[in-house]
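Colleague: Before I use this model, I would like to go through the terms behind its labels. Please set each value against its definition.

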Amino acid sequence: TLGGLALALFTAGMNVAASTAVSREGQTFWIAKMIPVPPKQQVMGKYINAFSISEIGILVTAILLAVFLKISLAKTLIIIILGTLGSIPLTALNLLIDVLRPKLVWNSPQEAMKQNTNGLFGMLASMLVLCIFAGITILLIANGVSEWLTYIILGAVMCVGSFLSLKGLFAAAERQYRKIEV
């Protein structure tokens, strides 16, 4: 179950939709500054889009694991629930990277995605978060914590990480949108 969770979170962490969300607006970013929608709401829309893509990856991974490895329904649901909770801070951190340093000058839409170092930085940030989750899991297992209590503690850590990362993302969006020049 924990291996399946790690695979599902790895899948979610490799999603570059969040780490290029602002960059993809390119020269039209001025519109985002003009419309009467606060930056927090604009970033929330980008967040929901990227999170949805990550969630699809988590669901597909969990279903494939359930089918091919014959994982029980309860453990498949654990993978989906913890994968969802874990992908919240992953998506928020990836989007935060692009909010802080968007690449708005590009010649083709492919350049905004494929030649944007924010995608690489997002993947590295995701790997760091996954290492933290793995480290906590290893500590819990090494100290003899039961399987279900491990899931609960991991879920609690992921909830705290989600809250903090979303709070940081929205605060940065309010600040950065005013500073970004096209």
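Modeller: On a 1 Å grid over the protein atoms alone, a cavity is a set of points where a 1.4 Å probe fits but cannot get out, whereas a pocket is an open set with protein on both sides within 12 Å along at least five of seven lines; lining residues have an atom within 4 Å of a point. By this rule there is one cavity of 30 Å³ or more. The model is predicted: local features need pLDDT of at least 70, side-chain atom pairs count only at pLDDT 80 or more, and totals for chains, interfaces and linings use all residues. Residues are numbered from 1 along each chain as its sequence is written, and side-chain values use heavy atoms, without hydrogens and water.

Colleague: Which residues line the largest cavity?

Modeller: Its lining consists of Ala12, Gly13, Asn15, Ala18, Ser54, Leu90, Thr91 and Asn94. The volume is about 30 Å³, and α4 (73-100) supplies the largest share of the lining, three residues.

Colleague: What is the volume of the largest pocket?

Modeller: It holds about 170 Å³ of space. Its lining takes at least two residues from each of α1 (2-13), α6 (117-142) and α7 (147-179).

Colleague: Why is Cys131 called exposed, and Cys159 partly exposed?

Modeller: Buried means under 20% relative accessible area, exposed over 50%, and partly exposed in between (1.4 Å probe, protein chains only). Cys131 has 55%, so it is exposed; Cys159 has 41%, so it is partly exposed.

Colleague: How many disulfides are there?

Modeller: A disulfide is a pair of cysteine sulfur atoms within 2.5 Å, and the count by this rule is zero.

Key. Points joined across faces, edges and corners; volume = space filled by probe spheres on them. Helix = DSSP H or I, 4+ residues; strand = E, 2+ residues; numbered from the N terminus.
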